[in-house]
Amino acid sequence: MESGLWNGASMLMRRLWTAVSKALFAEFLATGLYVFFGVGSVLRWPSALPSVLQVAITFNLATAMAVQVSWKTSGAHANPAVTLAFLVASHISLPRAMAYVAAQLAGATVGAALLYGLTPGDVRGTLGINVIYFTGCSMNPARSFGPAVIIGKFAVHWIFWVGPLTGAVLASLIYNFILFPDPKTLAQRLAILMGTTEVEKVVEVEPEKKDSHSSSGETEVSV
């Protein structure tokens with residue numbers, strides 16, 4: 001009995017790790033692609049300087065691409081502000097949210113580094129870091145973080161964290177507690193925050209799922 005329980009728990013942990021690893025890679029890849037193409041659109045190409053409309057279209061297409069390649073695996077956050085909004089709404093655990101943000105920042109840095117290495121010096125300039133007009137319209141902290149790391153300039157960088165994160169928290173609170181109140185109890189929210197709800201649920205139903213899917217030899221794990 002104990003051996004079977006141990007084997008079941010070990011199998012569950014392996015499948016959970018596989019699922020989380022895929023999600024983190026999806027966030028890394030999606031954010032990297034977003035930064036590479038989005039920031040690339042704001043560089044001062046000598047053949048044709050991009051207009052505000054062209055930059056906006058490119059960023060939206062880059063966002064659509066990031067969502068398309070990652071939404072089934074990770075939920076397509078690709079933005080620390082989005083992850084924070086999910087955390088406030090009790091849709092993601094704190095450890096998972098922290099891992100997502102780390103993957104997003106790593107992806108943004110790699111995407112900016114690739115863009116820096118592939119563009120001519122007279123074109124890359126300051127690599128589109130957010131210091132123009134009023135704020136540069138950066139609503140994704142990872143987009144601001146990647147180029148800032150590569151260029152090594154963090155002047156007023158805090159603005160591009162405080163603004164989007166504050167907006168994400170307020171939007172999440174208004175949506176989930178005022179417009180469409182979530183019936184979760186405090187205990188349920190704390191369990192989700194610590195990352196225990198999903199694991200307990202899967203451990204409880206795993207034997208039943210094995211029996212009901214024995215003909216196909218496949219089981220599903222929800223994380």
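Where is the place of A155? A155 sits in the loop between helix 6 (141-151) and helix 7, where helices are DSSP runs of H or I of at least four residues, strands are runs of E of at least two, and both are numbered from the N terminus.

## Basis of the model

This is a predicted model, in which local features need pLDDT of at least 70 and side-chain atom pairs count only at pLDDT 80 or more, whereas totals for chains, interfaces and linings use all residues. Residues are numbered from 1 along each chain as its sequence is written, and side-chain values use heavy atoms, with hydrogens and water left out.

## Overall make-up

The protein chain contains 9 helices and 0 strands, and from the N terminus on its elements run α-α-α-α-α-α-α-α-α. Of its 223 residues, 33% are buried, where buried means under 20% relative accessible area, exposed means over 50%, and partly exposed lies in between (1.4 Å probe, protein chains only).

The chain exposes about 13300 Å², and carbon and sulfur atoms supply 69% of this area; accessible areas come from the Shrake-Rupley method with a 1.4 Å probe, and for residues only the protein chains shown count as cover. Among contacts (heavy atoms within 4.5 Å) between residues at least 6 apart in sequence, 71% join residues at least 24 apart.

## Nonpolar cores

A nonpolar core is a set of buried Ala, Val, Leu, Ile, Met, Phe, Trp, Tyr and Cys residues joined through side-chain atoms within 4.5 Å. The largest has 17 residues, and those with the most contacts inside it are Y34, V35, V39, A66, L115 and L127. Helix 1 (2-40), helix 2 (52-74) and helix 4 (94-118) are the elements that give two or more residues to this core. Apart from it lies another core, of 5 residues, among them A23, L87, A97 and Y100.

One of the residues named for the largest core is A66, which touches A30, Y34 and A78 when residues up to four places away in sequence are not counted.

## The loop between helix 2 and helix 3

Both A76 and H77 belong to the loop between helix 2 and helix 3 (80-88). A76 counts as buried because its relative accessibility is 14%, and H77 counts as buried because its value is 6%. With residues up to four places away in sequence left out, A76 touches E27, V67, S70 and W71, while H77 is in contact with E27, V82, T83, F86, I92, Y100 and Q104. The C-alpha atoms of A76 and M65, which are 11 residues apart along the chain, are separated by 9.9 Å.

## Positive phi angles

Most residues other than glycine have a negative phi. A76, although not a glycine, has a positive phi of about 60°, and S90, also not a glycine, has a positive phi of about 60°. S90 lies in the loop between helix 3 and helix 4 and is buried, with a relative accessible area of 9%. Just after helix 8, G195 takes a positive phi of about 80°.

I174 lies in helix 7 (residues 159-179) and counts as partly exposed because its relative accessibility is 42%. Together with L170, L173, Y175, F177, I178, L179 and F180, I174 makes a nonpolar surface patch of about 810 Å². Patches are made of residues with over 30% relative accessible area and no salt bridge, like charges being joined within 9 Å and nonpolar side chains (Val, Leu, Ile, Met, Phe, Trp, Tyr) within 5 Å.

A salt bridge is a side-chain nitrogen of Lys or Arg within 4 Å of a carboxyl oxygen of Asp or Glu, and by this rule the count comes to 1. K184 forms a salt bridge with D182, the closest N and O atoms being 2.7 Å apart; K184 is partly exposed at 24% relative accessibility, and D182 is partly exposed at 22%. In helix 8 (residues 186-194), R189, A191 and I192 are buried. These residues cover an arc of only 160° around the axis, which puts them on the same side of helix 8, the arc being that of the directions from the helix axis to the C-beta atoms. On the other side of helix 8, L186, A187 and M194 are exposed.
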